[in-house]
Amino acid sequence: MPAIRSYFDTLARRFGESWNRFWFTPSDPFTLGMIRVLTAIVALGLYLSCIPDLERWFGPDGLLPENAVLHLRDAKVFSAFDYANSTSSLWALFWIGAAALALFLVGLFTRVTAVVALFAVLSLIHRGPMLARPVDDIVAMLMFYLCLGPCGAALSLDSWRDRRKTAAAETAPRQCWGATVVVRLMQVHLSVIYFMMAMAKLRSPVWLAGRAVWGLIVKPESRLLDLTGLANHMYVINLWTLAIVLFELCFAFLIWNRMARPLLLGLSLPIWIGTALLTGMTSWVLMMLVANLAFVSPDCLRNCFERRTTSA
């Protein structure tokens, strides 16, 4: 009995230590700052892309009147644009959201602007859910997690202002456990996304037969590059199709292995660039690559950024 008791005491202690080390080890928030900047650039670009058709879709006499949308979406979903009863109020709310996204991008009052920017993005998505794109899900997911952590502690006007207040140069990156928690949440969520994408493909006979990539190649309305010349090399099509499925499945599990992580992150570049050429979904591909940064060491990102700025 004493041996069994000692075993379970040791097991509980080591599990607790591993759990705390995984979630709460202080880390450099530079990764969050980099993800914030890149996510905000894409989010602001997508948000502003609605300008030409904003009144056509969401105006008082638009194609998607408020009453019709309320019947189509979940009753618990909320949008600030539901209160835009006139063209002027619609544009006022839109530009408030754009301003919040711009402030979030430069990292000014980040704790507040992160929440307001997420609310603006979600309000636009919820106002016209049938217009939502796959990239909107990734943008909203990353922005939600950025609201929870110190995403303004690096690459921001907030951090620059804090350094000026202390009147001291930053000798070492500030470490905090909040950055670790948020990065871990992003990592877990991203792994689940990769796993679900792989499972969806494994349930599709087209993907299992190795013909899915060819189906994307022959769609001229979406592809960025004409690859129909591969029609005489179907083995390339088959390998490409199965490589995508294998990569997504391996990423979901092996990305947690430190030895396999650099290989998978390196492979993600040709895999996702190829996906962009096949589908034309460049913004979605870009956001998946941005999300992958959650698995990149903050020291590596900081060194690359400082080396780039020094050489410039």
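Student: Let's start with Asp-136: does it count as buried or exposed?

Tutor: Relative accessible area decides that: under 20% is buried, over 50% is exposed, and anything in between is partly exposed (1.4 Å probe, protein chains only). Asp-136 has 8% relative accessibility, so it counts as buried. Bear in mind that this is a predicted model, in which local features need pLDDT of at least 70 and side-chain atom pairs count only at pLDDT 80 or more, while totals for chains, interfaces and linings use all residues. Residues are numbered from 1 along each chain as its sequence is written, and side-chain values use heavy atoms, with hydrogens and water left out.

Student: Which side chain does Asp-136 meet in a salt bridge?

Tutor: A salt bridge needs a side-chain nitrogen of Lys or Arg within 4 Å of a carboxyl oxygen of Asp or Glu. For Asp-136 the partner is Arg-133, at 3.4 Å from N to O. Arg-133 is partly exposed, at 34% relative accessible area.

Student: How many salt bridges does a search of the whole structure find?

Tutor: Eight. Another one of them pairs Asp-53 with Arg-56, N to O 3.1 Å. Here Asp-53 is partly exposed at 27%, whereas Arg-56 is exposed at 53%.

Student: And what does Arg-302 form a salt bridge with?

Tutor: With Glu-306; their closest N and O atoms are 3.8 Å apart. For the setting you need the helix rule: helices (H or I, at least four residues) and strands (E, at least two) are DSSP runs, numbered from the N terminus. Arg-302 and Glu-306 sit four residues apart in helix α15 (residues 298–311), so about one helical turn separates them. Asp-28 joins in as well: salt bridges with shared partners link Asp-28, Arg-302 and Glu-306 into one network. Within it, Arg-302 is buried at 13%, and Glu-306 is partly exposed at 37%.

Student: Now helix pairs. At what angle do α2 and α5 cross?

Tutor: Each axis is a line fitted to C-alpha atoms, for helices over the stretch in contact, and the angle runs from 0 to 180 degrees between N-to-C directions. For α2 and helix α5 (residues 87–106), the axes come within 8 Å and cross at roughly 160°. The wording goes by bands: under 35 degrees is roughly parallel, over 145 roughly antiparallel, 65 to 115 roughly perpendicular, and the rest oblique. That is why α2 and α5 are called roughly antiparallel.

Student: Which residues make that contact?

Tutor: Contact means heavy atoms within 4.5 Å. The α2 side includes Arg-36, Ala-40, Leu-44 and Tyr-47, and the α5 side includes Phe-94, Trp-95, Leu-101 and Phe-104.

Student: Is the crossing of α2 and α5 left-handed or right-handed?

Tutor: Look at how the near helix is turned from the far one: anticlockwise by less than a right angle is left-handed, clockwise is right-handed. α2 passes α5 in a left-handed crossing.

Student: What covers the buried residues of α14?

Tutor: The cover includes α2 (30–48), α7 (134–148), α9 (177–202), α12 (234–254) and α13 (261–279). The buried residues of α14 itself (residues 282–292) are Trp-284, Val-285, Met-287, Met-288, Val-290, Ala-291 and Asn-292.

Student: Which residues is Ser-268 in contact with, leaving aside neighbours within four places in sequence?

Tutor: Phe-247, Leu-289 and Asn-292. Ser-268 belongs to α13 and is buried, at 2% relative accessible area. A polar atom of the Ser-268 side chain also lies 2.5 Å from the backbone oxygen of Leu-265.

Student: Where is Phe-109, and what is its phi?

Tutor: Phe-109 is in the loop between α5 and α6; its phi is near 50°, a positive value in a residue other than glycine. Phe-109 is partly exposed, with 47% relative accessible area. Leu-155 also has a positive phi, near 55°, and sits in the loop between α7 and α8 (157–166). At 24%, Leu-155 counts as partly exposed.

Technical notes:
A polar contact is a pair of N or O atoms within 3.5 Å; within protein, one must be able to donate a hydrogen and the other to accept it, and residues adjacent in sequence count only if both atoms are side-chain atoms.
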